[in-house]
Protein chains: 2
Amino acid sequence: MRDVFIIGAGMTQFGKWLDRSMKSLVAEALDEALPDAGITKEEPQIAFVGNAAAGLVTGQECVRAQVVLREYGIGGIPMVNVENACASSSTAAHLAWQAVGGGFHDCALVVGMEKLYSTDKAKTFAAFGAAVDVEFLESIKQMLKAAEKTAGADAAASGAKRSMFMDFYAMAAREHMKKYGTTKEQFAAVAAKNSYHGSLNPKAQYREARTVEEVLASPMVAEPLTRLMCAPIGDGAAALIVASGAFIDRLRARGTPVDPVRIAASVLRTGRDRTTDEPDPVTEAARLAFAQAGIGPKDVHLVEVHDASAPAEIMIMEELGLCAPGEAGKLVEQGHTRLGGPCPINVSGGLIARGHPVGATGAAQLYELTQQLRGRCGERQVKGARVGLAENAGGAVRADPAAIAIHILTAV
Amino acid sequence: MRDVFIIGAGMTQFGKWLDRSMKSLVAEALDEALPDAGITKEEPQIAFVGNAAAGLVTGQECVRAQVVLREYGIGGIPMVNVENACASSSTAAHLAWQAVGGGFHDCALVVGMEKLYSTDKAKTFAAFGAAVDVEFLESIKQMLKAAEKTAGADAAASGAKRSMFMDFYAMAAREHMKKYGTTKEQFAAVAAKNSYHGSLNPKAQYREARTVEEVLASPMVAEPLTRLMCAPIGDGAAALIVASGAFIDRLRARGTPVDPVRIAASVLRTGRDRTTDEPDPVTEAARLAFAQAGIGPKDVHLVEVHDASAPAEIMIMEELGLCAPGEAGKLVEQGHTRLGGPCPINVSGGLIARGHPVGATGAAQLYELTQQLRGRCGERQVKGARVGLAENAGGAVRADPAAIAIHILTAV
């Protein structure tokens with residue numbers, strides 16, 4: 001296979017956009033990405049479009065890509081609707097990498113898009129329930145309730161209306177606390193850091209920097225998760241232009257400036273039945289990604305991870321091998337992962353502050369890495385960033401993520 | 001890119017399976033496809049799973065592939081949920097062809113699956129409505145109603161509860177009749193032929209051979225379409241094992257017999273805004289597919305087309321270049337496309353008789369071509385078949401198909 005590059009990126013601010021359609025959000029992302037790549041809307045040769053919940057939230061199934069892209073004036077080319085829950089658009093990026101890397105196309109369009117806000121909130125919650133095996137929805141809910149009860153008296157305090165995924169995260173967080181002595185304050189430190197990062201990002205859904213104390217004092221969602229430790233619901237779109245070296249050469253030959261970053265690794269995995277000795281799927285995906293890029297965790301200058309909840313960021317740090325198991329909490333408290341620290345994590349604000357319109361999140365992570373490696377991030381720029389990693393996870397089947405996508409991007 | 005082969009194929013009988021889950025249907029298809037390829041469930045390295053309507057019919061969104069494949073005992077590998085309306089699983093096959101042809105994987109699994117029957121019929125109809133731009137659903141319906149009114153008195157007779165797509169087909173059929181003098185009897189001849197083919201196929205949903213008279217006498221759905229000219233609603237699954245030559249060599253080295261067919265062309269396109277002079281998207285996709293395979297329409301020994309309605313088969317014959325515009329109706333009446341004729345079309349029974357569980361249809365077409373090119377089709381075997389073409393279309397945006405997939409398979 002040949003080298004593959006991202007040559008253009010665009011995204012909307014993430015937020016609550018009840019008055020805007022998915023078409024309008026995608027148009028805004030494309031209006032940034034296409035000129036950024038120096039190409040017209042006639043030039044992408046294939047489109048991969050990630051979306052998770054439109055079927056259940058807006059009723060638009062089957063041809064989501066075609067509906068939004070035809071409206072924008074893109075047609076004729078192959079269009080693929082890709083769905084992998086919260087990892088939908090990183091899966092789309094993986095397929096674009098294959099289509100270009102395999103020599104089938106020279107320029108591919110990746111779109112991630114989601115509208116989660118609905119005037120009918122039941123639809124939004126139904127969408128989350130569809131990211132697990134719906135045949136077992138009731139037994140999963142009962143298992144989570146039982147686990148919460150076992151967790152003790154504090155759990156009784158929790159009871160906010162929430163996505164079932166926050167119960168999964170709460171259960172995993174309690175286990176991490178028990179096993180490693182991780183503290184609520186450390187989880188709060190993740191959320192505070194990401195909110196600070198979000199305050200520096202004009203595309204972030206939440207732009208207010210919060211203190212550890214504020215995070216801890218916010219309403220309990222599911223012990224030990226407070227509201228400010230959880231990613232919000234959101235709407236938004238992100239787009240990437242993925243291209244071959246030959247395509248870049250042609251652009252330059254016609255006088256178009258190109259500022260590419262290289263996709264050094266693209267790995268997609270799913271969970272599986274395994275013995276307790278085997279690595280978890282994120283660790284396995286990271287091992288494959290580092291091998292593909294020919295580097296190790298210490299070579300990475302910035303990381304975007306799937307902090308759907310603050311404890312997840314701590315667990316993912318360990319699963320990715322950025323630190324030893326049980327060490328992540330302390331590193332976060334010490335500022336290791338804050339902008340200016342040795343390994344900044346989620347300088348975009350992460351899912352917690354930049355926001356998490358699920359189908360758009362993976363592409364938004366790659367947007368952040370692309371702009372960081374190009375040195376275009378202003379106040380939140382990671383100085384000297386040359387290597388970035390994005391970890392995006394989606395859905396759950398039998399307690400493991402249904403999809404894990406890891407990308408490593410490098411400056412050219 | 002390197003050569004890509006189908007080395008295993010499986011499918012359920014299509015039908016009304018209210019008492020069976022998608023998991024059970026997919027397991028049956030895999031239980032045929034994996035042994036057919038001579039591999040275990042641990043051997044596929046990536047899975048592409050096409051489904052159109054589960055989100056709206058069963059509530060299962062986001063992680064449909066993972067839910068059914070984990071249940072079957074397949075995990076770890078990358079899994080991609082692919083959606084392109086009625087072309088979902090031919091799109092999945094296109095991606096498998098890219099993944100293997102580009103050298104990313106040596107063995108890919110393609111699954112098409114659908115459960116359209118629901119005890120709540122409204123859900124089934126909602127699923128069809130989601131294959132167009134839902135923002136314009138009401139105006140599309142009004143346009144179709146107006147067109148039917150213009151068609152005259154006979155139209156008033158129609159009024160059965162039906163998918164809106166049958167109104168699209170009826171409108172196109174009336175235009176074809178007006179332009180070329182195509183007759184209702186010719187449409188009925190397509191349906192009668194496909195029902196005869198279906199009577200020879202143990203996997204077909206309908207196995208009763210119907211006469212032209214019976215087709216014409218069946219209840220009117222939308223002028224000129226009678227019920228027996230329309231594909232039924234159905235449930236079913238189909239699976240393909242796609243592999244590289246290197247993988248086949250390894251299988252043979254271990255003593256496993258392999259009976260491959262080659263994917264000589266795989267093309268995916270979508271409609272686009274175009275002038276009246278430009279070819280329609282099926283014609284354009286066919287041109288690309290024939291160029292990729294290095295052959296022309298006359299070199300094809302059998303064809304599977306997307307006969308969601310009988311008139312569609314006639315129009316697609318012309319769009320594919322199998323005959324000149326306006327000639328297809330006569331050729332059908334003359335038995336040209338019947339088993340034993342010079343260019344048999346839909347010897348599986350097509351969508352009309354084999355059935356049309358939408359997400360499974362594309363893979364089922366490729367199942368038929370694979371088994372025909374291997375000479376395994378018994379009573380419905382096309383003698384000497386060495387080259388087969390499958391045309392699968394999905395959804396509609398602005399009156400053009402949202403997705404068109406064309407595959408050409410050749411015997412090895």
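Predicted model: local features only at pLDDT ≥ 70, side-chain atom pairs only at ≥ 80, totals over all residues.
Now let's look at where the chains meet. Chain B brings 49 residues to the contact, and chain A brings 49 residues too. On the chain B side, the elements giving two or more residues include helix H2 (54–57), helix H3 (64–72) and helix H4 (88–101), along with strand E3 (79–83) and strand E8 (261–269). Strand E10 (387–397) and strand E11 (400–411) of chain B are on that list as well. Sorted by class, this side of chain B has 24 nonpolar, 17 polar and eight charged residues. Because 100% of the interface residues of chain B are also interface residues in chain A, the copies meet through the same surface.

Strand E3 is worth a stop here. E3 of chain A (residues 79–83) and E3(B) run antiparallel, joined by three bridges. In one of these pairings, Asn81(A) has Glu83(B) as its bridge partner.

Finally, step over to Met11(A), which sits in strand E1 (residues 4–11) of chain A. Met11(A) counts as buried because it has 26 C-beta neighbours inside 10 Å, and the cut-off for that is 20 or more. Leaving out residues up to four places away in sequence, Met11(A) touches several others, among them Ala29(A), Glu32(A), Lys203(A) and Tyr367(A). Ala33(A) lies 22 residues from Met11(A) along the chain, yet their C-alpha atoms are separated by 7.7 Å.

Technical notes: Residues numbered from 1 in each chain as written. Chains lettered and ligands numbered in written order. Contact = placed C-beta atoms within 7 Å. Helix = DSSP H or I, 4+ residues; strand = E, 2+ residues; numbered from the N terminus. Nonpolar A, V, L, I, M, F, W, Y, C, P; charged D, E, K, R; others polar. Pairing = 2+ DSSP bridges. Buried ≥ 20, exposed ≤ 12 C-beta atoms within 10 Å, placed from the backbone.
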